[in-house]
Amino acid sequence: MAVTATAAAGAVTALGLAAAPAAAAPTATTAARPGDACTAADLGTRHPYIKTTEVSPTITHFKGWYVTEGTTGQQTVSTDTTTVISVSVGLNDTIETSFAVEALSDVKATVGLDVKLEYTSTSEESNSVTWNLTQPGYYGFYKGTKKVTGTYGSLNCNRAQQDDGSWALKWTEGPGSGSFTTFTTLEEGAVRCQDSVPADSIMARAQTLLDCGSAAAKADHPAGAVAPTAKQKPDRPAPQPAPTAGTPAEQPTATGHSTRAALDCSTEAYKIAVPGKPLSWGAPLLADDGVRLRPSSIFSAHLDNWRLCNVTEQDGVLEASLWNWGNGGCATIAEQNASTERAVLMTVPCAEDDLQRFYIYRDVPGSPKIGVQNKYTGSMMGYDRYADGEFIRQYSNGRQDGTGTFDLTGV
């Protein structure tokens, strides 16, 4: 027993995970920036931060319309769709996760515009424009918006060594960068070539679509619709290129579970426990069950013991597969649930699969506190409430009440 305890203590020290000080209280980190301080309670959380933004007035619906003497007054015109803008964050356009909603909220604060914070598309808007015309001439009836695009990064709390050799917890850029698109409320109107309009406005963009120097714009027409010029043709998105070797920057590729991987696992085993409390991650005996919070005892049959396998480290962040000693499976998020908020952590036969790989964010040396993030989904592991039998689940932002911070302790 003495030899086993010494070996376990040595293994924990090697990972920088020894006996722990008291847990810190959760903090609000919605305005976190790279390099800002965080606490141990933030180890299981994740936040987006906006890296770049671009705002461009865009015409989404347009129709050229000629008004003659006697046809002025209120006109209702059905416009043609020229550009479709859809709200998206990364590879996911459903905007169902808290991470995506927070990212768009940060965009709103960054650009100072009232942008869409949920999934929608300009194609869902009515194309009818009603306007009162007082002068004859060639008009462009339009609907338009300010399209907001840019890139975002993902912040995780992790330990960082200071210039004096000491350690501190800081928000650092982690995996999960990508691009976003959103837009402001649509505005509508009618504009002529001779109208004076603010530069770089939505109205100015509509005036550009009138193609005022063209023969079609200068010619006389009967009252009503004018055939669209080349500039007024719909802006069709370019076809997507065929897939090439490699994986997208946003997410690694998940693979099947048909082959058992030959894992290089540590000889040490660990419990992943709730700090200061008896419950820890317990793997299931049944294939269709999930990982749950369970008490540890002599009857746990090693289902509460985990080994770190194929461990790598980059910028102070460990990456590993989590192999369970009791059932011989690896922790994973089921592929069909990869994009589902609160999907349950499962165990399956081990394979070369990024759904079975996890990033481990650590507290300062001397503390066993960690946060756990799935490599493929980018979500943090946590639980809804502290209770025997409660599932371990994934949360795109983690659990902001600190319940995503665990203790990794040698056994």
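In helix α2, the buried residues are F99, A100, E102, A103, L104, D106, V107 and V111. This is a predicted model. The helix covers residues 98-111, 14 residues in total. From first C-alpha to last, α2 reaches 20 Å, close to the 20 Å expected at 1.5 Å a residue. The cover over its buried residues includes strands β1 (46-67), β4 (88-89), β6 (137-161) and β7 (167-183). Just after the helix, G112 takes a positive phi of about 70°.

N397 lies in the loop between β20 (393-395) and β21. The side chain of N397 reaches the backbone nitrogen of F99 at 3.0 Å. The side chains of N397 and E102 are joined by a polar contact of 2.3 Å. Is N397 buried or exposed? N397 counts as buried because its relative accessible area is 5%, and the cut-off for buried is under 20%. Setting aside neighbours within four places in sequence, N397 is in contact with T45, R46, H47, S98, F99, E102 and M380.

Now step back to the whole protein. The protein has 411 residues, and 50% of them count as buried. Its secondary structure comes to four helices and 21 strands. Among contacts with a separation of 6 or more, 69% are between residues 24 or more positions apart. The accessible surface comes to about 19000 Å². Carbon and sulfur atoms hold 52% of that surface.

Next, the nonpolar interior. In soluble globular proteins, nonpolar side chains tend to be buried together. Here the largest nonpolar core has 30 residues. Those with the most contacts inside this core are W281, W306, L322, L345, M381 and I392. Which strands each supply at least two residues of this core? They are β10 (270-273), β11 (279-282), β13 (306-314), β14 (317-324), β15 (330-333), β17 (357-362), β18 (369-374) and β21 (405-410). The largest share, three residues, comes from β14. A second, separate core has 17 residues. V87, A100, F183 and L186 are included in this second core. A100 is also one of the buried residues of α2.

Helix α3 spans residues 202-209. Its buried residues are I202, A204, A206, Q207 and L209. Strands β1, β6 and β8 (187-192) are among the elements that cover them. Just after α3, D211 takes a positive phi of about 55°.

Two further positions complete the tour. E390 is in the loop between β19 (380-382) and β20. With a relative accessible area of 10%, E390 is buried. Beyond its neighbours within four places in sequence, E390 is in contact with V291, R292, L293, Y383, D384 and R385.

P175 belongs to strand β7. Why does P175 count as partly exposed? Its relative accessibility is 29%, and partly exposed means between the 20% limit for buried and the 50% limit for exposed. P175 touches R46, S154, N156, Y359, Y361 and Q373, not counting residues up to four places away in sequence. P175 and Q373 are 198 residues apart in sequence. In space, their C-alpha atoms are 9.8 Å apart. R46 is a contact of P175, and R46 is also in contact with N397.

Definitions and conventions:
Residues are numbered from 1 along each chain as its sequence is written. This is a predicted model: local features need pLDDT of at least 70, side-chain atom pairs count only at pLDDT 80 or more; totals for chains, interfaces and linings use all residues. Side-chain values use heavy atoms; hydrogens and water are left out. Buried means under 20% relative accessible area, exposed over 50%, partly exposed in between (1.4 Å probe, protein chains only). Contact means heavy atoms within 4.5 Å. Accessible areas come from the Shrake-Rupley method with a 1.4 Å probe; for residues, only the protein chains shown count as cover. The expected span of a helix is 1.5 Å times one less than its number of residues. A nonpolar core is a set of buried Ala, Val, Leu, Ile, Met, Phe, Trp, Tyr and Cys residues joined through side-chain atoms within 4.5 Å. A polar contact is a pair of N or O atoms within 3.5 Å; within protein, one must be able to donate a hydrogen and the other to accept it, and residues adjacent in sequence count only if both atoms are side-chain atoms.
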